[in-house]
Amino acid sequence: MGEDDVYTKDGRVEPIAEDDDVYTKDGTVDYKGNPANKKVTGTWRACPFILGNECCERLAFYGMSSNLVYYFKYHLKQSSAKAAKSNSNWSGTCYLTPLLGAFLADAYLGRYKTIASFSIIYIIGMTLLTLSASIPGMKPTCVSKDDCYANSGQTAACFIALYLIALGTGGIKPCVSSYGADQFDDDDVVEKKHKGSFFNWFYFSINVGALIASSVLVWVQMNEGWSWGFGIPAVAMAIAVVSFFSGTRLYRNQKPGGSPLTRIIQVLVASVRKYKVIVPEDKSLLYEIADAESVIKGSRKLDHTNEFRFFDKAAVVEPTDHIKDSIDPWRLATVTQVEELKSIIRLLPVWATGIIFAAVYNQMSNFFVLQGTLMDLHVGKSSFEIPAASLSVFDPLSVIIWVPIYDQFIVPFARKFTGHRNGLTTLQRMGIGLFISIFSMVCAAILELIRLRSVKENNYYDREHMPMSVFWQSPQYFLIGAAEVFTFIGQLDFFYDQAPDAMRSLCSALSLSTVALGNYFNSLLVTIVTNVTTKNNKPGWIPDNLNYGHLDYFFWMLAVLSVLNLGAFLLIAQWYTYKKTVGSIR
């Protein structure tokens, strides 16, 4: 089955009935809790504050994290492998804590309150990190610029701050993109079209922040010190919070629908308790309330689908269910509640294919940086040197170039042939990104192969920098940026669109958790590769001095895994069934 196509083959919108109702039909409310008025809330009038918040928050995050592996290695005195693992583990946690923030947002607090409260934790963490790099006694002791050491207390202060930031970002990451999408009514054809465009420009704003972080802030860290390098991101985070609160009166808010985990468990329990019940062929006989709104507060009903029929048993009405009296939710669930569970199950295989892509993406802040530190850092023939981490600037530059191209040219062009409102389905878009990511690893592997040959031929093993320009890394960064525009933005749109109304933050967090598992997977690969390749006193693929190693083998391994992952994704995409909502709330 395909997504709803609202465009004809020539790109025109299908005519729809006029609706004079000034209120949204997807259940959103304004900041006072009243039904949201379309004329004064939401859409692009509210989005600049959300996009401004995301731009500044990402500037803070990437400004602090882009060069973190360097800080671990040269200031906390960790080995190359340990620094990479520390960075991967922390980055993974940053993408795992969103599951907590999303649960609180969907179940109890709503997205607005969740973003507001977790932002405070974020700022506390940023402040402590700045202090840990600024105050004597708290900051590492340095003999020279890159010859530092930290005692256990100083290391602990740094990691406490970092994991406070990881907790704080857990309430922001899963909610901001969903909150921006909430500003567009799903039941309004024109607004729904703009929602797809919002995700493009949301990711554009992320990369504007990342561009400044990976260029200006990385240079500040390497030349002016880490107190400034961490302090400026802390200020950027404060600006992000101000931007978010400034739009309060314009926002549309989705009501929290109670614990989604409880509803899922109730369906599972009811299905098991009725395992002997035969599901009727007529779906109209399955239990559903008669109201326009579903039994889940603020949510639309979901239409029945034929997959995973076992769970339909939970919605089969038996004489003992007493539907005219109070209903036991552990014995009888509505069709919408059953379809919530089915939606999550259908998302999981798609979700799993994002893990390998995230491991590839993780190389930008790990081995790409360590690879670059051994290359010539001069800009042209000048004496000016750039930090190796600044090459990551080509990733956001690529995104900033590709987002307008995709939004303004690729979408209208593809729409003429497909008739789809977004030109390509979200799954088609994600698949293209997975394909492009393979070539990023191929480029990185070929570059490292050529670099190591030059090292061997010219005996550059113990040179700090070899005479090969670090700008040869730019294609691998640029390709990852292009892949992001297709895969990561496609994921944002896909997981929001396919999520039940009351589980959108949770599904956004599920999407983000692929990045967490990609980081952990990368850390696991490093551990396995190090243990296997260092036997018999061999230097292994990833020694402290990469000139003695074979990092190219590691990149080739990721390329092969990416090819296998793409094959699995194509099979899953053919099987996937898109969700359907029934009616509207207002």
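Biologist: Which residues make the nonpolar surface patch of about 360 Å²?

Modeller: Keep in mind that this is a predicted model. Helix H13 (residues 394-418) gives the largest share of the patch, three residues. Phe-478 sits in helix H15 (residues 474-497), and at 32% relative accessibility it is partly exposed. The patch is made by Ile-401, Ile-405, Phe-409 and Phe-478.

Biologist: What kind of aromatic pair do Tyr-112 and Tyr-251 form?

Modeller: The structure holds 42 aromatic pairs. In this one the ring centres are 6.2 Å apart, with 55 degrees between the planes. Planes over 60 degrees apart count as edge-to-face and those under 30 as stacked, so what lies between is tilted. The pair of Tyr-112 and Tyr-251 is tilted.

Biologist: How many residues apart are Tyr-112 and Tyr-251?

Modeller: Tyr-112 is in helix H4 (residues 98-132). Tyr-251 is in the loop between helix H8 (226-246) and helix H9 (260-273), and it is buried, at 0% relative accessible area. The pair links distant parts of the chain, 139 residues apart.

Biologist: Phe-435 and Phe-439 also pair. Why are they separated by about one helical turn?

Modeller: Their rings are edge-to-face, 5.2 Å centre to centre, with 75 degrees between the planes. Both count as partly exposed, Phe-435 at 44% relative accessibility and Phe-439 at 40%. They are about one helical turn apart because they are four residues apart in helix H14 (residues 426-458).

Biologist: Which residue lies over the face of Phe-61?

Modeller: A charge over a ring must have its atom within 6 Å of the ring centre. Arg-58 lies over Tyr-62 at 5.3 Å. For Phe-61 the distance is 4.5 Å, and the residue is Lys-173.

Biologist: Is the disulfide of Cys-142 and Cys-148 right-handed or left-handed?

Modeller: The sulfur atoms of Cys-142 and Cys-148 are 2.0 Å apart. Cys-142 is partly exposed at 39% relative accessibility, whereas Cys-148 is buried at 0%. The torsion about the S-S bond is about 100 degrees, so the disulfide is right-handed.

Biologist: How far is the sulfur of Cys-94 from the closest cysteine sulfur?

Modeller: Cys-94 is buried, with a relative accessible area of 0%. The closest cysteine sulfur is in Cys-158. A disulfide needs sulfur atoms within 2.5 Å. The sulfur of Cys-94 is too far for a bond, at 12 Å.

Biologist: And which cysteine sulfur is nearest to that of Cys-507?

Modeller: Cys-507 is buried, at 1% relative accessibility. Cys-507 is in no disulfide. Its nearest cysteine sulfur is 12 Å away, in Cys-175.

Technical notes:
Residues numbered from 1 in each chain as written. Predicted model: local features only at pLDDT ≥ 70, side-chain atom pairs only at ≥ 80, totals over all residues. Heavy atoms only, no water. Phe/Tyr/Trp six-rings, centres within 6.5 Å; stacked < 30°, edge-to-face > 60°. Helix = DSSP H or I, 4+ residues; strand = E, 2+ residues; numbered from the N terminus. Buried < 20%, exposed > 50% of the residue type's maximum accessible area, 1.4 Å probe, protein only. Lys NZ or Arg CZ within 6 Å of the ring centre and 35° of its normal. Patch = residues over 30% accessible without salt bridge, like charges linked within 9 Å, V, L, I, M, F, W, Y side chains within 5 Å. Areas by Shrake-Rupley, 256 points an atom, 1.4 Å probe, with all protein chains shown as cover. Salt bridge = Lys/Arg side-chain N within 4 Å of Asp/Glu carboxyl O.
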